[in-house]
Amino acid sequence: MATLRLGDEAPNFTAMTTEGEINFHEWLADGWGVLFSHPADYTPVCTTELGATARMKEQFDGRNVKVAALSVDGLESHKGWIRDINETQHTEVNFPIIADEDRKVAALYDMIHPNADNKMTVRSVFIIDPDKKIKLMITYPASTGRNFNEILRVIDSLQLTAYKKLATPVNWKQGEDCVILPSVSNEEAHELFPQGFNEVKPYLRFTSQPN
Ligand code: BEZ
């Protein structure tokens with residue numbers, strides 16, 4: 001299959017997970033999604049990542065985002081490892097972990113990079129919007145734990161674009177000024193942003209972040 005690119009439809013699949021069988025698109029329903037792979041169960045970096053993700057549930061829920069993890073280990077392995085994650089990371093894993101033993105989902109999402117490791121998945125992340133379109137793809141090496149605050153930050157930015165016609169500038173954080181999309185005219189900007197905006201250049205317009 002062709003390489004996935006931003007804007008492509010997220011491939012659908014049916015898979016067994018630690019929360020039962022899911023049809024991915026039906027499970028996402030009309031919300032946003034994060035699908036992320038990790039190299040293997042019972043590994044140190046992954047243990048910290050899954051624990052942190054579980055502790056961030058409220059932040060994902062507040063943004064209407066469902067999270068699913070994946071590795072090519074089996075269901076019983078996942079279930080045993082969850083007990084360790086809960087114990088060592090002081091949380092309860094509260095999202096499904098896909099058991100992709102036949103590597104079906106990993107192949108659909110190109111999560112195995114043979115020159116890094118020809119059996120295990122790398123650390124891929126996909127953010128998927130309510131139209132099932134892929135909005136972000138990132139790939140980390142196995143030895144580097146991801147920054148899930150950055151994933152939340154990108155979701156905030158994507159939602160500002162989707163719902164408010166705003167982009168976010170370099171190193172933007174929650175509460176900081178946003179950039180008005182170039183496709184928005186000044187006339188429309190006055191209607192959309194009653195708080196006003198600062199036109200530094202015709203192509204560079206800032207406004208405060210709406211609620
Ligand atoms: C891990 O914890 O997943 C891991 C750590 C170092 C190298 C590869 C994987």
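This briefing walks through the fold, the ligand site and a few individual residues of the structure above. The model is a predicted one. Its chain has 211 residues, and buried residues make up 47% of them.

**Overall layout**

- Taken along the principal axes, the box filled by the C-alpha atoms of the chain is roughly 60 × 40 × 30 Å.
- The domain assignment divides the chain into domain 1, covering 14-145, and domain 2, covering 164-207.
- Between the C-alpha centres of domain 1 and domain 2 there is a distance of 34 Å.

**Around the ligand**

- Which residues surround the ligand? They are Thr43, Pro44, Val45, Cys46, Arg123, Ala142 and Ser143.
- Sorted by class, this shell holds four nonpolar residues, two polar ones and one charged one.
- Helix 2, which spans residues 44-55, is the element that gives the most to the shell, with three residues.
- Thr43 places a polar side-chain atom 3.2 Å from an oxygen atom of the ligand.
- Pro44 takes part through its backbone, where a polar atom is 3.2 Å from an oxygen atom of the ligand.
- Val45 also uses its backbone: an N or O atom there lies 2.6 Å from a ligand oxygen atom.
- On its own the ligand has 260 Å² of accessible area, and the protein covers 71% of that.

**Cysteines**

- How many disulfides does the structure hold? The count is zero.
- As background, a disulfide is a covalent bond that links the sulfur atoms of two cysteines.
- Cys46, one of the residues around the ligand, has a relative accessible area of 0%, so it counts as buried.
- Cys178 is buried too, because its relative accessible area is 0%.

- Arg146 sits in the loop that runs between strand 7 (134-140) and helix 6 (148-164).
- Is Arg146 buried or exposed? Its relative accessibility is 8%, which is under the 20% cut-off, so Arg146 counts as buried.
- The side chain of Arg146 makes a polar contact of 2.6 Å with the side chain of Glu49.
- A polar atom of the Arg146 side chain also lies 2.8 Å from the backbone oxygen of Ser37.

**Glu87 on helix 4**

- Glu87 belongs to helix 4, which covers residues 75-89.
- Its relative accessibility is 58%, above the 50% cut-off, so Glu87 counts as exposed.
- Glu87 and Gly51 are 36 residues apart along the chain, and their C-alpha atoms are separated by 9.6 Å.

**Two asparagines with positive phi**

- Asn64 has a positive phi near 60°, and its place is the loop between helix 3 (57-62) and strand 4 (65-71).
- With a relative accessibility of 45%, Asn64 falls between the two cut-offs of 20% and 50% and therefore counts as partly exposed.
- Asn171 is not a glycine either, yet its phi is positive, at about 55°.
- Where is Asn171 found? It lies in the loop between strand 8 (166-167) and strand 9 (178-180).
- Asn171 counts as exposed because its relative accessibility is 62%, over the 50% cut-off.

Terms used: Residues are numbered from 1 along each chain as its sequence is written. This is a predicted model: local features need pLDDT of at least 70, side-chain atom pairs count only at pLDDT 80 or more; totals for chains, interfaces and linings use all residues. Side-chain values use heavy atoms; hydrogens and water are left out. A residue is near a molecule or strand if one of its heavy atoms lies within 4 Å of it. A polar contact is a pair of N or O atoms within 3.5 Å; within protein, one must be able to donate a hydrogen and the other to accept it, and residues adjacent in sequence count only if both atoms are side-chain atoms. Accessible areas come from the Shrake-Rupley method with a 1.4 Å probe; for residues, only the protein chains shown count as cover. Helices (H or I, at least four residues) and strands (E, at least two) are DSSP runs, numbered from the N terminus. Ala, Val, Leu, Ile, Met, Phe, Trp, Tyr, Cys and Pro count as nonpolar, Asp, Glu, Lys and Arg as charged, and the others, Gly among them, as polar. Domain bounds come from an automatic or database domain assignment. A disulfide is a pair of cysteine sulfur atoms within 2.5 Å. Buried means under 20% relative accessible area, exposed over 50%, partly exposed in between (1.4 Å probe, protein chains only).
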